[in-house]
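Subject: Structure for you to look at

Hello,

Here is the structure I promised to pass on. Please open it and keep it beside you while you read my notes.

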Amino acid sequence: MMDELELLKKDWQNKEEHLPKLSYDQIYKMIWKKSSSIVKWIFYISLIEFVFWAGINIVFSDPESMQELKAMHIYNVMMVLNFVNYGVILYFIYKFYKNYRKISFTDSSKKLMRTILDVKKTVTQYVWFNLIIFAITMIISIYGVLIFGPQGKEIIASAMQDGNEATFWFLVITVSIVFTAVLLVLIWLFYKLLYGILLKRLKENYNDLKKLEV
Amino acid sequence: MNKELEHRFVTELENNQNIVHKVCTLYTNDRDSHNDLFQEITIQLWKAYPKFRGDAKFSTWMYRVALNTAITLYRKSKKRVQTQDYDSVIFKIKTDEYDDTEEKQLKLMYDAVKQLGDIDKALVFLYLEDKDYAEISETLGITEVNARVKMNRVKNKLRTILNP
């Protein structure tokens, strides 16, 4: 085997004349082309991520919704939640930016892959955080509607009349948990697929280097 | 100043383009992918160039950026199409210079190397380029001992591919 690799090495080094040759102008044109690297993709996806979740918050903060929240007496809770939410979003954007800047193709392969995976980790954490906030918001809203909303009062009243209050609450809680869980799983699957396609190879390569250390 | 930087970069890359072509040859199977990867490496080299201090050789620095791009680049085609036509152009072996068995052996070897994973390929590439273990370990970000261990495993892998 040793000899064969040596043979290959000799042949390899004699091969230069068969390689393509690009001219100065051809190379010059290339330096202004857009990168299609995975890092670029992750950057764009992350931007969409930040805009999307921040957008959802803004959409649900219109004056009408605010009035409804006040009527349902969950306004204060929601405001605190929103406040925390924006703070954390800013923190994530800062962390993402910092990690993204660290990506350098002049690092060693292992370090480069680690930094790329770290950027992705920040985005994943951001998404998880948003999902949790989303779930909490949903649960508080359901609670608010049922306790303070006009239709909610009717529903509860009729449930009371029928005399199966415990069953009613049990159903409400079960349905909200199942609904939230299904939503979370769907979104989780979407990300798994998205980053799975993008980063599968990178992860494999990273683990290939990483497992040597064990 | 910027024009000067551009000129210096393009000239250096033009003179050292073989390194990039060789990486592209190992990591791609057809001409289009070869050109795509070449372009992506060029972009990454250019982006990193302002930080290139010149304390390392331009070529040494190129090896790192080129391999890193090949290893981390996103490629759509998951299936590796075995198109030998392009390989045989690049890896053309002059028949009259070698005897037949050696030619066959080389062909098998090149095919075997192409079947390796991205990291293993990087290792073989640096080995073929006559880099020592110190440089290999530094480029990949592993210890020298681990680079040797990994190289031995790659040799074993090649052996298995060649003698199934």
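A residue counts as buried if 20 or more other C-beta atoms lie within 10 Å of its own. By that rule, buried residues make up 35% of the 164 residues in chain B. Please remember throughout that this is a predicted model.

**Confidence**

The predictor gives the complex an ipTM of 0.79 and a pTM of 0.78. Chain A has a mean pLDDT of 82, with 98% of its residues at 70 or more. Within chain A, confidence is lowest in helix H7 (residues 150-162), at a mean of 74. It is highest in H2(A), at 91.

Chain B also needs a careful look. Its average pLDDT is 82, and 83% of the residues score at least 70. Among its elements, helix H4 (residues 84-90) of chain B has the lowest mean pLDDT, 47. H6(B) has the highest, 93. Two stretches deserve a mark on your copy. Over residues 76-89 of chain B, pLDDT stays under 50, and the model has eight contacts for them beyond four places in sequence. Residues 92-96 of chain B are below 50 too, with five contacts beyond near neighbours in sequence.

**Where the chains touch**

**A helix in chain A**

Next, look at helix H5 (residues 75-102) of chain A. Its 28 residues, at 1.5 Å a residue, should span 40 Å. The end C-alpha atoms of H5(A) are 41 Å apart, which agrees. Which residues of H5(A) are buried? They are Met78(A), Asn85(A), Phe92(A) and Phe96(A). What covers them includes H3, helix H4 (63-71) and H6 of chain A.

**Chain B overall**

Chain B has eight helices and zero strands. From the N terminus on, its elements run α-α-α-α-α-α-α-α. Take the contacts in chain B with a separation of 6 or more: residues 24 or more positions apart account for 61% of them.

Now find helix H1 (residues 2-27) and helix H3 (residues 58-72) of chain B. Their axes come within 10 Å and cross at roughly 35°. The crossing of H1(B) and H3(B) is right-handed. H1(B) brings Glu12(B), Asn16(B), Ile19(B), Val20(B), Val23(B) and Tyr27(B) to the contact. H3(B) brings Phe58(B), Ser59(B), Met62(B), Tyr63(B), Ala66(B), Leu67(B) and Ala70(B). Counted by class, the contact has ten nonpolar, two polar and one charged residues.

**H6 of chain B and what follows**

Pick out Leu126(B), which lies in H6(B). Leu126(B) is buried because 21 other C-beta atoms lie within 10 Å. Leaving aside neighbours within four places in sequence, Leu126(B) is in contact with Lys131(B), Glu135(B), Ile136(B) and Thr139(B). Leu126(B) and Leu67(B) are 59 residues apart in sequence, yet 9.5 Å apart in space, C-alpha to C-alpha. You met Leu67(B) above, in the contact of H1(B) with H3(B).

Now move along to Asp130(B). It sits in the loop between helix H6 (118-128) and helix H7 (133-140) of chain B. Its phi is positive, about 70°, although Asp130(B) is not a glycine. Is Asp130(B) buried or exposed? Asp130(B) is exposed, because it has 10 other C-beta atoms within 10 Å, and a residue counts as exposed at 12 or fewer.

Best wishes

Conventions
Residues are numbered from 1 along each chain as its sequence is written. Chains are lettered from A and ligands numbered from 1 in the order in which they are written. This is a predicted model: local features need pLDDT of at least 70, side-chain atom pairs count only at pLDDT 80 or more; totals for chains, interfaces and linings use all residues. Axes are lines fitted to C-alpha atoms, for helices over the stretch in contact, and angles run from 0 to 180 degrees between N-to-C directions. Helices (H or I, at least four residues) and strands (E, at least two) are DSSP runs, numbered from the N terminus. A crossing is left-handed if the near helix is turned anticlockwise from the far one by less than a right angle, and right-handed if clockwise. Two residues are in contact if their C-beta atoms, placed from the backbone, lie within 7 Å. Ala, Val, Leu, Ile, Met, Phe, Trp, Tyr, Cys and Pro count as nonpolar, Asp, Glu, Lys and Arg as charged, and the others, Gly among them, as polar. The expected span of a helix is 1.5 Å times one less than its number of residues. pLDDT is the predictor's confidence in each residue, from 0 to 100.
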